[in-house]
Each structure stands twice: as C-alpha cells, then as structure tokens.
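Here is a short briefing on one protein structure. Please keep the sequence and the 3D view open while reading.

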Amino acid sequence: FALVQEISKKRLHKGGRGVRCRSRRFAWPTGFHGYMLRARAVVMAVTMQRLAAVRVGVPRVVYGVRSAKVSQKRGLVHGHLAQRPWVSPELGFGFARPRTRWFAAVAEGGVEGVAEGVAEGVHGVESGVDSVASGVLGVQDKSSSEPTPPAKYQPPPGNYAGAGATVHHDDVHLGDSGHVVLVDGMSVIFRSFYGWQARGAPLLDSNGVDISVLYSVAHAVLAVLELPSVSHCAVVFDAKGKTFRHEMFSDYKANRPETPDGIKEVIPRVIDMVTRMGIPVLSMSGVEADDIIGTVSRRAVGEANLKVTIVSPDKDFFQLLGPRVRQLRPNGRNKEVAKNLHESDVSTSDGDDTENGVNAETATGINTANKIHWPPQFHDYDHPNLVGKGLVPYTECDFRNEFGGLDPVQFVDLLAMVGDASDNVPGVEGIGPKTAPKLLNLYGNIEGCVHNASTTSDIKNKRVRENLASQKGKATALLCRSLVKIRTQLSAPTLNAPALPFSGPNSLDLANRVPPNDGGVGVGEYLERVLELGSAAERWREVCRKRSAL
C-alpha cells in the first residue's frame, strides 16, 4: 500500500474505486467491507512510510490537474480536501462519502503513537497493534488547550545494573558470579578490513590468499579468552537482509556503499574459524547484531547475575552501560579507566550556556547521584590486554565524564537528536553534539525538550527552539529514537531460555568449550597449517593450557 501512486478518477463499479499500484489496478469491494478494507490500507500505509511528513488535510495524491469546477463537483477544493478526515473525533473511524477521493494522513496527536507503535512492534504483534491504534485515535485528545506537560525524566533506580536490567538489592555486591563477553563480529571484521587496507600491505598465505582479517579476528577473540574472569562468550553477527528498522525508515543505512567483495568472502571463513574454536555464534534475521547483544546482555545481568563486556567500537552500545555492563573498544581512546564506578558522580550544573542556545538560569538540572554504593565489578583493568592500545575499557563512569554527567540510558535521546550519519539517521536540524547534552541535562529526554521549546523561551537559539517545537521536528526525533534504540527484550525463542541457557550443554558457558576435549590440538593445527596463522595457533595453545588449569 505504500506504493500507491494515484487514485483513479474512474469508477470501476458502484461504490468502488480504482487504485493504481505501480503496474496493476486493484478494485475496492463494494459496501461496508470495501470501506473497512480501505481504512485498513490507510492505517498500514501511514504507519509504514514517511511519518515525519504527514499532516492532517494534506492528501497523498495531489489533484492539481483538475479544474476548479471538476474539483468542486468531486468534493474537492482545487487540491485541498472538502471533506473531513476519515479519522472521526466522535467515532474514531469515520467513512467519507463515496465520491471523496483522497489518501488520509494521521493527525498531529497521532504521529507519536504511530511511531512508537512501529518501533515497539518488534516486541510483539499485539503490543505494536495497540500502540498504532492508540496513536491513530490520539486525534481525539487533540484540543486547543495548553499541551499536557510530559512526565519528568526519572534517572534509573539505584539497583539498575545496565542493559535495561535491574538486580535485587541483596545481589548488588555479588560481583564475581560470572563474566560474559559478547563480540560484535561484523564491526571487528569491518574495522580489520579497512585497517589493513589503509596499511597497504595485507597478510597473504602461501597461495596468495589474503588472511589479514582472519589474523585480526583470531587475535581479538584470543585476547578476550586470555582474560581470567571470562566465563561465557559469544560472537554475534548480522544476518543477511533488511531489518525492522528498514520498514520504519526506508532510507535507513541507505548512504552506505555496498559491502566489498573481500568482506563478503571472508565472513564465512571467520564464522568457521570461531566455531572451530568452540565459541558460540549468534545471528537472527530481521534484527541487528546490536539487538541480539542487548537482549543477551539484559538476560545475563537480570537472570544469571553475570557481568557483561561488549567488544565493539560502535558508540551505539553506550546506551547499555551500567555498573555491570562495560564496553571494550578496539584501539579506542580513553584517558582514564574507571575502576570504581561509585566515583562517577559528577556535577550537572552547566551554568550559562548561551553559546549553545540554552538559558541555564531558568532551568534546573535533573540528574542525581546513584544512592546505592556499587562495589567494583571488574577486576581486570591491570591486565596487559587492557592497558595501552588494544582493547580499551569504556565504562559508565567514562560516559558520564564525556557527556557532562548524563545517564547512559539518555544516550538514546542524545543520538536521536544529533543523528547518526553512519546509519543515515537524520536527527533534528540545528542540534549538534554540544547542544544535545546540555538540553538533556536540563530537560531529561526528547519529550521534555519538545515541551519546553513549545511553551517557554528558555532555549534562546531560535532555530533549535522552532525545530523542536514543530511537529516535523518532534516526529523526526521520535522516529530517530526508535531507530537508534537497541532492543533488549527480543522475544525470539533462540535468544531466550531454554534454547539459550547460561549454564549446561549448548550454553554460552566456556567450561566445556575451551579447551575442547582434545586439549585444543585440533584447532591449533587448523590455525597453523590450514589458515597459516602461526602466532594465533601458539596463542590458542597457551589459552587452552591456562584454562585447563582453572
């Protein structure tokens, strides 16, 4: 239905309409069934496409070629609607007269609900349908009165541990129950590929085959296995095809060039190598690797009381950080590694920020210090693999220091307003990486920023204020938030118990995987003789010796 190009003027039969869908014509059934089917098509089309551009009374098909006389006869006023929208304030769904030919749009009050409905659709069909319905019917609540102030942003509770998970207060001090490492396989492959290309001297085996990426991925995985606290591990890959985000926003990642053939050819070899090493590989169609990592992280912290380390250079994972969730960024920048998370409390008073268009004198900071004393959860910061270049830790404390005291969960709103050029997420015009943290420190989230811009003049920058107050700006921010938000509650059976346990056979536990039954001899020979990665083979044998002694 998103491909509807025009609504034909010709009546195919009594009460019917002809709708041209690219190369074919579809005739609506007659009577009440036809009108219900047409209403359903409208809901689907408006939900799936161009949420940021919809307005009440703007037809999707412009009748600019009609004369004024014909338009008046047809129930139109020369390109504008002479009939009320099909969303009726009295009945919820109204049906226009048979001669009214137009493609309705969702009213302003319903845009937010529709966007949220699409975003949350991945959690379940029923919740997605309910959210879309509530968004469409949101026009009933629209009135000329002052907008209702949004709920004030509330920082995460004291027992929040990261990745959307909370733990029981008695479990706060249980920091040594286990440690799971989730490796973002695709990001490591891409970084390795382009890194070796920049060097201009790839590694070749005796047959002239490029083994540069295999070398880098093997050593990255082995660097993780050398950490003595790691008890669980998995490498996560993106599946082929589009995801639910492409359905929400057709231009999602549209600016990215096609994946080079060299990467396409090496991915199966990397997966085979990692599998031979006994590391579980996770992948699922329709979602991204980020969502798999988010879901497994939440389960590991909330269900199994494990610590989580995410190996990826991607900044999107900042939103998952917490006392028990950290990130290792290959060759990342980090001036000071935080070893005690309770020292991360920083002041949120920004003073005057007229440079970024925010008047701090008329607003109050909202972030407060965590009330629970979290003991150090990770004890490996002095390990050689985490010192200097290599895998650089990035913690909740580092995030607060970098982003002016924001909570990691606020990074979703920050990224939504700023945008993400790598994923072609537009963001809100006029808001950059300096302005967004100031706004969020003062108003908490997108809803608070929009409400303030609509009702006050605290935001002195006219462009920022007008863009946030406009319906387009609000809809764009909400859509972008749905795009950049990592899902942590995927309901896929393969990512939840009992299919994916944290202990026992077929789990992420490395106890029965590394070293394998032969002590790692077979994998060592495969790395050395088949892949010709002698240094990785020797490092693998050492990992097996140390882990067998644990």
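Rings of Phe, Tyr and Trp, taking the six-membered ring of Trp, count as a pair if their centres lie within 6.5 Å. By that rule Phe-318, Tyr-394, Phe-399, Phe-403 and Phe-411 form one aromatic cluster. The model is predicted, and the points below are grouped by topic.

**Aromatic pairs**

- A pair of aromatic rings is described by how far apart the centres are and by the angle of the planes.
- Ten aromatic pairs turn up when the whole structure is searched.
- One of them joins Trp-196 and Tyr-215, with 6.2 Å from centre to centre and 80 degrees between the planes, an edge-to-face arrangement.
- This pair links distant parts of the chain, since Trp-196 belongs to helix H5 (residues 185–199) and Tyr-215 to helix H6 (residues 212–225), 19 residues apart.
- Trp-196 has a relative accessible area of 11% and counts as buried, whereas Tyr-215, with 29%, is partly exposed.
- For Phe-318 and Phe-399, the ring centres are 6.1 Å apart and the planes meet at 70 degrees, so this pair is edge-to-face.
- Distant parts of the chain are linked here too: Phe-318 is in the loop between strand E9 (307–311) and strand E10 (325–330), and Phe-399 is in helix H10 (residues 396–402), 81 residues apart.
- Are Phe-318 and Phe-399 buried or exposed? Phe-318 is buried because its relative accessible area is 2%, and Phe-399 is buried because its relative accessibility is 0%.

**Charges over rings**

- Tyr-394, a member of the aromatic cluster, has Arg-329 over its face, at 5.7 Å from the ring centre.
- The charged end of Arg-276 is placed over the ring of Tyr-526, 4.1 Å from the centre of that ring.

- Strand E7 covers residues 232–236, and five of its five residues are buried.
- Which residues lie on each side of E7? His-232, Ala-234 and Val-236 are on one side, Cys-233 and Val-235 are on the other, and both faces are covered.
- E7 pairs with strand E6 (residues 179–184) in the parallel sense, over five bridges.
- Within this pairing, Cys-233 of E7 is the bridge partner of Val-181.
- E7 is also joined to strand E8 (residues 281–282) by two bridges, and these strands run parallel.
- Val-236 has Leu-282 in E8 as its bridge partner.

**Backbone exceptions**

- Most peptide bonds are trans, and most residues other than glycine have a negative phi.
- The peptide bond from Ala-497 to Pro-498 is cis, and its omega is near 5 degrees.
- A cis bond also runs from Val-514 to Pro-515, where omega is near 0 degrees.
- Pro-498 is in the loop between helix H15 (471–484) and helix H16 (521–530), and Pro-515 is in the loop between H15 and H16 as well.
- Asn-305 has a positive phi, near 60 degrees, although the residue is not glycine.
- The place of Asn-305 is the loop between helix H9 (289–302) and E9, and at 14% relative accessibility Asn-305 is buried.
- Glu-532, another residue other than glycine, has a positive phi near 60 degrees.
- Glu-532 is in the loop between H16 and helix H17 (534–548), and its relative accessible area of 31% makes Glu-532 partly exposed.

Key: Residues are numbered from 1 along each chain as its sequence is written. This is a predicted model: local features need pLDDT of at least 70, side-chain atom pairs count only at pLDDT 80 or more; totals for chains, interfaces and linings use all residues. Side-chain values use heavy atoms; hydrogens and water are left out. Buried means under 20% relative accessible area, exposed over 50%, partly exposed in between (1.4 Å probe, protein chains only). Helices (H or I, at least four residues) and strands (E, at least two) are DSSP runs, numbered from the N terminus. Two strands pair if DSSP finds at least two bridges between them. Rings of Phe, Tyr and Trp (its six-membered ring) pair if their centres lie within 6.5 Å; planes under 30 degrees apart count as stacked, over 60 as edge-to-face and the rest as tilted. A charge sits over a ring if NZ of Lys or CZ of Arg is within 6 Å of the ring centre and within 35 degrees of the ring normal.
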